[in-house]
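Subject: Structure handover

Hi there,

Here is the structure I promised to pass on to you. Have a look at it first, and my notes follow below.

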Protein chains: 2
Amino acid sequence: MPLPWRHLTSMIVRLNGSSLLVDCGEGTQIALRKKGWSFKPIDVICFTHFHGDHIGGLPGLLLTMGNAERTEPLTMIGPPGLARVVNSLRVIAPELPFEIRYIEIEEPEQEFQLNGYRLRAFKVNHRVTCYGYSLMLDRIGRFDVERAKSAGIPLKLWNPLQKGNTMTDPDTGKVYTPDMVLGAERKGLKVTYVTDTRPTASIRNNAKDSDLFICEGMYGELDKYANAREHRHMMIQEAAQIAKEADVKEMWLTHYSPSLVHPEEFLKEAKQIYPNTVLGKDGLSTELDFEDE
Amino acid sequence: MPLPWRHLTSMIVRLNGSSLLVDCGEGTQIALRKKGWSFKPIDVICFTHFHGDHIGGLPGLLLTMGNAERTEPLTMIGPPGLARVVNSLRVIAPELPFEIRYIEIEEPEQEFQLNGYRLRAFKVNHRVTCYGYSLMLDRIGRFDVERAKSAGIPLKLWNPLQKGNTMTDPDTGKVYTPDMVLGAERKGLKVTYVTDTRPTASIRNNAKDSDLFICEGMYGELDKYANAREHRHMMIQEAAQIAKEADVKEMWLTHYSPSLVHPEEFLKEAKQIYPNTVLGKDGLSTELDFEDE
C-alpha cells in the first residue's frame, strides 16, 4: 500500500522521445510530476498484473492525459484480461480523446518490437498471472570503412547501410546488405523489471546481463520467509541471489512491504550476496548509455 | 488533477469514534496517512459525484481497509449509479472481508440519520448529477434542575431524561418526557461541503449558519469566468458571496484548478466579500466544539 514517502512501485523508461511506463499504482502520476517529467511521451503502458497496487492509478493518469488533449494512440500490454480490467476501471474515465490499443500477452514468453526497442515479457510466479519485462535496445556493429572500400560499395550507399538498411545501387542494380560494411553487433542496453513473484528460472534467464535489474525485495527478516512463499513474493536475499546468477550490472530493490520500515538494515546482507545492490526509493533514476567503443 | 503538493479534494469528519469521508480521489489514503489518522473508524463514505478526481482513490482505500482485516460493514452514499460505479472499480478489489452497504440518493434533498449525526445531501449544479453535504450534530437543551424538582421527577430518571430518553417510572407507571426537564434546544454544529457546481439556492439554503463551509473555488482570474460557467465550476468570488449570504462562521476554499497556481493572490478579494475566508491546503484541519452555554 502507498505510504506518505513511499509511492507504489512503477518504472518509466524514457528513450528517444518515447516513454514506456510499467505498472501504474495509485499516485504514479503524482510521482511522475515530482520528477518534473511529462505524460505526453508515454506511448506504451505495461502491466505486470492487475492487483490494485499496480494499476489503481491508471484511470487518473488516463484522465490527466485526456485533459492535456492527447490524441496519439496509447498502447497497453499486459496479461490476458487487460482490456476487460481497463474498461471496467474506465467507468470513471469513459471519454478519452485518444485510442487505446490493447495487447494481451498470450505466450509464457513473448517479444514485441516497439518504437526502436525490443520488449520481452516473461511469465513469473505470483498468485495471479504476472509478467516481468525486459527492455532491450540493440546496437548495430561499427561501420568498417576499409571493408566498404575494398568491396567497392558506392559512397552514396554508405550512410543508409550504416543505419542497417539493405540498399540497391540504382545505377548497377547490385544489392548491398549491412553485414557487408558493419562489424559484429555491439553491446546494447537492457533493463529488466520484475515484481510480485517468487524467484523463477524465467527471471534468471531474462535478467541475464541486464545493465539494470529492478526487482522486488518485499521482506528482509528471515521470519517473513514463510509469508513471502505464501503470498508469492521475494525476499531481498533472493533478489540478490538472482542478480548474482544473472550477472547483471546493477540491481535496484523495490516493492518493500509496509512492514519493512528500514530496508537499509538488510543492504549489507544483500551486498554480501550481490555487491551492486541499490535500495530503491521514490524518484530514483539513472541514465544508461551505450559503452564507448 | 493531483499535483505533488496539492492532493485532490476530500474531507474527513471524525466524531465520537466514527469517521465520515466525503470524496476519495487518487491519493486520499496517502493524505490521510500523512495526517496520521486511521482508516479503521471510517464507517461512511459519501460521494459528491463520480468524476475520477472524486472517486479514483476508492479501490486503493478499500484494499487497504481489507488488508487491515476490517470486518465492520461500510456505508456508501452517493448519486444514483453508486453501486454500479463502485462495483466496476472493484474489478481490482473484488474480494473484501467486509460488506458494503449502498445508499443511492433519490431526492433533490435527502436527510440521513447516522451514528449520532444528521447528514443532509442536496443537489447542486454540475455537468453530472452532483450533491453537496451538510453534517449536523444537534445539541439538546440544558437540564433544568429546578423544573425537574418542582415536577417531582424521581432522581433515578434525571440522567436518562437528560440524555433525551422518554422514561417510565417502574414504581408508579408514570411517563416522563425529556421536554419536562430540558430547556430549549441549544446550537449544535454544522459542517457543509460543496464542490463541483455553479452557485445554487440549494447551497445557500443548506450552508445557512454552518460553523464550517468548505466550498470549491476553482478559479480566481475573472477571465476564467466563462470557463467556470461552461464546466459548471465556481469562482473564488462566487464562493465568498455564498458564504456571506449563508452567514457561515468560516469558509475554506478548495478544489483549485491546476491553472490557479497562487490562490493566495485572490484571498484579499475574497475577504472583501466574505471576511472569514480561509485558503484550503493539504491536511488543513480544525476542531469544532459546542459553544459554552
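Predicted model: local features only at pLDDT ≥ 70, side-chain atom pairs only at ≥ 80, totals over all residues.

Residues are numbered from 1 along each chain as its sequence is written, and chains are lettered from A and ligands numbered from 1 in the order in which they are written.

Some terms you will want at hand. Helices (H or I, at least four residues) and strands (E, at least two) are DSSP runs, numbered from the N terminus. Two residues are in contact if their C-beta atoms, placed from the backbone, lie within 7 Å. A residue is buried if 20 or more other C-beta atoms lie within 10 Å of its own, exposed if 12 or fewer, and partly exposed in between, again with C-beta atoms placed from the backbone.

Back to helix 3 (residues 58-67) of chain A: eight of its 10 residues are buried, so this helix is largely enclosed by the rest of the structure. The buried ones are L58(A), P59(A), G60(A), L61(A), L62(A), L63(A), T64(A) and M65(A). After the helix comes E69(A), with a positive phi near 60 degrees.

**Chain A overall**

Chain A holds 10 helices and 14 strands. Its C-alpha atoms fill a box of roughly 70 × 50 × 35 Å along the principal axes. Of its 293 residues, 41% count as buried. Among contacts between residues at least 6 apart in sequence, 67% join residues at least 24 apart.

**A five-stranded sheet**

Chain A has an open sheet of five strands in the order 1-2-3-4-5, with mixed pairing; two strands pair if DSSP finds at least two bridges between them. Its edge strands, each pairing on one side only, are strand 1 (11-15) and strand 5 (100-104) of chain A. Neighbouring strands of this sheet are turned by 20 degrees against each other on average, direction ignored. Axes here are lines fitted to C-alpha atoms, for helices over the stretch in contact, and angles run from 0 to 180 degrees between N-to-C directions.

Helix 4 (residues 82-89) of chain A packs on the sheet, where it touches strand 4 (74-78) and strand 5 of chain A, and its direction makes about 140 degrees with that of strand 5 of chain A. Within the sheet, strand 2 (residues 18-22) and strand 3 (residues 42-46) of chain A pair in the parallel sense over four bridges. L20(A) has V44(A), in strand 3 of chain A, as its bridge partner.

**Strands in chain B**

In chain B, strand 8 (residues 131-139) and strand 11 (residues 186-194) run antiparallel and are joined by six bridges. M136(B) has K190(B) of strand 11 as its bridge partner. Strand 11 of chain B is also joined to strand 12 (residues 212-216) of chain B, by four bridges and in parallel; there, T192(B) stands opposite F213(B).

**How the chains meet**

The contact takes 27 residues from chain B and 27 residues from chain A. On the side of chain B that touches chain A, the largest share, five residues, comes from helix 3 of chain B. What surface do the copies meet through? The same one, so to speak: 100% of the interface residues of chain B are also interface residues in chain A. A rotation of 180 degrees with 0.1 Å of shift along its axis superposes chain B on chain A (RMSD 0.1 Å), by least squares on the C-alpha atoms of residues with pLDDT of at least 70 in both. The two copies are thus related as by a two-fold rotation axis.

**Helix 9 of chain A**

In helix 9 (residues 236-245) of chain A, the buried residues include I236(A), E238(A), A239(A) and A243(A). Leaving aside neighbours within four places in sequence, A243(A) is in contact with F213(A), C215(A), V248(A), M251(A), Y274(A) and T277(A). Just after helix 9 of chain A, D247(A) takes a positive phi of about 55 degrees.

Best wishes
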